[in-house]
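Please look through the model below before reading on.

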Amino acid sequence: MKYCSNCGKELDDNASFCSSCGAPCGEVKKPGTLKVIAEIFMVLGCIASGWALIPLCWTIPMTVKYFKSVKEGRDVSTGFKVCSLIFVNLIAGILMLVGDDMD
Ligand SMILES: [Zn+2]
């Protein structure tokens, strides 16, 4: 004999809905451990890709801009260099800043 998880009424073993309150009372499968772990990793994956994708919104344009500037022989602003250093790549930013004096 099983009981309604909602109202506690005794239920027929084959019943899939409570005759009293109408709540579904079929076996509620507990998710397996692996599925829970997979869920955690899915969330972590979302966070990880979010972390990677959001910076890409500015790292790619900045990289493209820098490539253009280098190709056309133009200099990029100091602000751009500092932003590159902070947001894109530390070494690239340092090289940009140092590279000025070497031209
Ligand atoms: Zn019920």
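**Chain, helices and zinc site**

Among contacts in the chain with a separation of 6 or more, 11% are between residues 24 or more positions apart; contact means heavy atoms within 4.5 Å. This is a predicted model, in which local features need pLDDT of at least 70 and side-chain atom pairs count only at pLDDT 80 or more, while totals for chains, interfaces and linings use all residues. Residues are numbered from 1 along each chain as its sequence is written, and side-chain values use heavy atoms, with hydrogens and water left out.

The chain has two strands and three helices, in the order β-β-α-α-α along the sequence. Helices (H or I, at least four residues) and strands (E, at least two) are DSSP runs, numbered from the N terminus. Of the 103 residues, 16% count as buried. Buried means under 20% relative accessible area, exposed over 50%, and partly exposed in between, with a 1.4 Å probe and protein chains only. The accessible surface of the chain is about 8300 Å², and carbon and sulfur atoms contribute 67% of that surface. Such areas come from the Shrake-Rupley method with a 1.4 Å probe; for residues, only the protein chains shown count as cover.

Thr 59 belongs to helix α1, which covers residues 33-71. Thr 59 counts as buried because its relative accessibility is 12%. Apart from neighbours within four places in sequence, Thr 59 contacts Phe 87 and Val 88. Helix α2 spans residues 78-88 and includes Ser 84. With a relative accessible area of 3%, Ser 84 is buried. With neighbours within four places in sequence again set aside, Ser 84 is in contact with Met 62, Asn 89, Gly 93 and Met 96.

Which atoms coordinate the zinc ion? They are the SG atoms of Cys 4, Cys 7, Cys 18 and Cys 21, at 2.2 to 2.3 Å. Donors are N, O and S atoms within 2.8 Å of the metal (3.2 Å for Na, K and Ca); water is not among the atoms, so sites may look incomplete. Along the chain, the donors have the spacing C-x2-C-x10-C-x2-C. The arrangement is tetrahedral because the four donor atoms subtend angles of 107 to 117 degrees around the zinc ion; four donors count as tetrahedral if all angles lie between 85 and 135 degrees. The ideal angle for four tetrahedral donors is 109.5 degrees. Cys 4 is buried at 5% relative accessibility, whereas Cys 7, at 39%, counts as partly exposed.

Note on methods. Four donors count as tetrahedral if all angles lie between 85 and 135 degrees; four count as square planar and six as octahedral if opposite donors are over 155 degrees apart and all others between 65 and 115; anything else is irregular.
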